[in-house]
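These are my notebook entries on one model.

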Amino acid sequence: MEEDKRAGSGPVSVGLLAHVDAGKTTLSEALLYHAHRIRTMGRVDHQDAFLDAHPLERARGITIFSDQAEFMLGGREFFLVDTPGHVDFAAEMERAISVMDAAVLVLSCAEGVQGHTRTVWNLLRRAHVPTFLFLNKTDRAGADPERVLREAQRQLSPDIQPAEALDEAVAEREDDLLEAYLAGELSGESVQAAARRQIREERLFLCYRGSALLDEGVQALLDGLASLAQTRYDPEASFGARVFRIRHDAQGNRLTFLKLMGGRLRVRDAVAIGEETCRIGEIRLYNGSRFSALREAQAGQLVAVTGLADCLPGQALGQCEPAPSPLSAPLLSARVEFPREVPVQEVLSAFRKLEAEDPSLGVQWNESLQELHIRVMGVIQLEVLQELVRERFGFSAAFGRPEIVYRETIAAPVLGAGHYEPLRHYAEVHVRLVPLPRGSGIEFASRCHVDDLPLQFQNLVRTHVFEKEHLGVLTGSPIADIRVELLAGRAHLKHTEGGDFRQATYRAIRQGLMKAESILLEPYYAFAIDAPQACMGRVLSDIQRMSGTFDPPETDGERATVRGRVPVSEMMDYAPDLAALTKGQGHLALRFDGYAPCHNAQEVIARRAYCAEADKENDADSVFCQKGAGFVVHWDKADDWMHCAVPEDA
């Protein structure tokens, strides 16, 4: 009991999440109204919602940027974080999840559990965020909250239970409470303590219902958050914070949004970022688009600060763990088309600012082709970017037809070596590239003894492994699911300089890739198609034509549902075809389901026409020095020139 009291005393960050059009923003308005943060409830269709203040959000009627509001409830400070519901802005939503103490997942009582709902649920479970549910739009024609509750229990978790049956729900999960419940001796205090414990441990997910538009059920949800949402932050601990958002204000100041995970932060405090130290300029407490200045922020609060130049979302400061690697990966790449009278550096600077705010954009400038490429989740995101560039930077940008973002990996372990020794420079690196399971990303390990290569240089090699996207040799796509093992290396006492190990590391990885048997990977969707049974035969035929796989269809009356997996390239434009086939009665739900070997690899490789030997920005050759002059040795001959001995067991 005392532990629950202590845990519940600090600020609480509550996120609102949903599939698009579930009524999440309307619910945020109602919550803020009941919490006395706003005097009147705005509406999305009236373009006056408090947390959708950006002109683009009001014009489109959707949440694009996560935003926050602060209010007091039950003597505690709460932060409400409204997140985008559209799948094109899932990366923004995922970054916000990393700083939530609790979440409210909003479901429409008309549409029920949808494809993106399951994605959001899985992200919340991965981040271990205690979650409440709100079944919204009970006033809608065709609304069926009981059906939606059963759907949620079946598709998300059987531990989703109605809030009005709290006593029974907590008693079912603990034997001693069940005995007291059956004997009629279960006290309200015991129920509340058990509920807080079970919610914190993700054994119970309370479900409320109502209509945010009609202000029904909102107060009950707010009361539940006040009594059951918890925090565990210590203002007296060492300073620790997590970056979750980067923005630029109207004056161009870079704002770094932080969640303080421990300790305090004051104006003029020095904060270490890597090897650099920055001083905090301002501390701002934001409510929608307005803010107040603070002299000090404490553990649990969400604040924006100036003065931190090079932070990225997800980064940890002080005594804090970084956010998990994001799962919401852009699946499309598009070429940026801009007026030639606008200087390239001005265009690059604009997109670098946008990339700082959304690192998933992955801005890439190809010097030889003089082309700028970005990565996006979908067409709606491109439309928003086009308007943002015009509004913020004053020039027009268009985008080429989006293409699939492929990746490359290797089939078996391979050795790679890189040597960089123009005059008065020296570094040599030997690595082993090892294939990893799908979804592992890039890993690094050192098998090199510090007597052979000092730790400072080993750390440099590690930094250079992760500081850029290394490209594969089939299509020039980024590599994935590979562990880079440092086997050996050498520096020179006088001639080794800062960038030498960068060059040697890049060349070692590239040489290994040139030697390896490479595999082209493509993104896959997990899909669910609900359609009339009469149309299911054609649907299954379409899935086979798209190189997809599926489980036997599930039937329910005159309708059937089929689930499976299919390449993104084949199904990304299928929704209009399904609508035409089913006369508008079919529903398609898609979610990203990782990468797998490409179903038409040779066709893609031929279409890309990438020449690895000609890509000198990703060079596999090594540079050696002889008679006072540097010279290049081709990658397939370079092993014979290397200076280090590689361990025999490599």
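I took two strands as paired if DSSP finds at least two bridges between them. Helices (H or I, at least four residues) and strands (E, at least two) are DSSP runs, numbered from the N terminus.

I noted that this is a predicted model, in which local features need pLDDT of at least 70 and side-chain atom pairs count only at pLDDT 80 or more, while totals for chains, interfaces and linings use all residues. Residues are numbered from 1 along each chain as its sequence is written, and side-chain values use heavy atoms, with hydrogens and water left out.

Entry 1, the sheet. I found an open sheet of 6 antiparallel strands in the order β14-β13-β16-β9-β8-β17. Its edge strands, β14 (290–294) and β17 (316–318), each pair on one side only.

Entry 2, pairing. I recorded 8 bridges between β8 (residues 240–248) and β9 (residues 254–262), which pair in the antiparallel sense; A241 has L260 in β9 as its bridge partner. β9 also pairs with β16 over 4 bridges, where T256 is partnered by V305.

I looked up S211, in the loop between β7 (205–209) and α10 (218–228). S211 is buried because its relative accessible area is 0%. Among its contacts (heavy atoms within 4.5 Å), not counting residues up to four places away in sequence, are F134, D139 and E216.

Conventions:
Buried means under 20% relative accessible area, exposed over 50%, partly exposed in between (1.4 Å probe, protein chains only).
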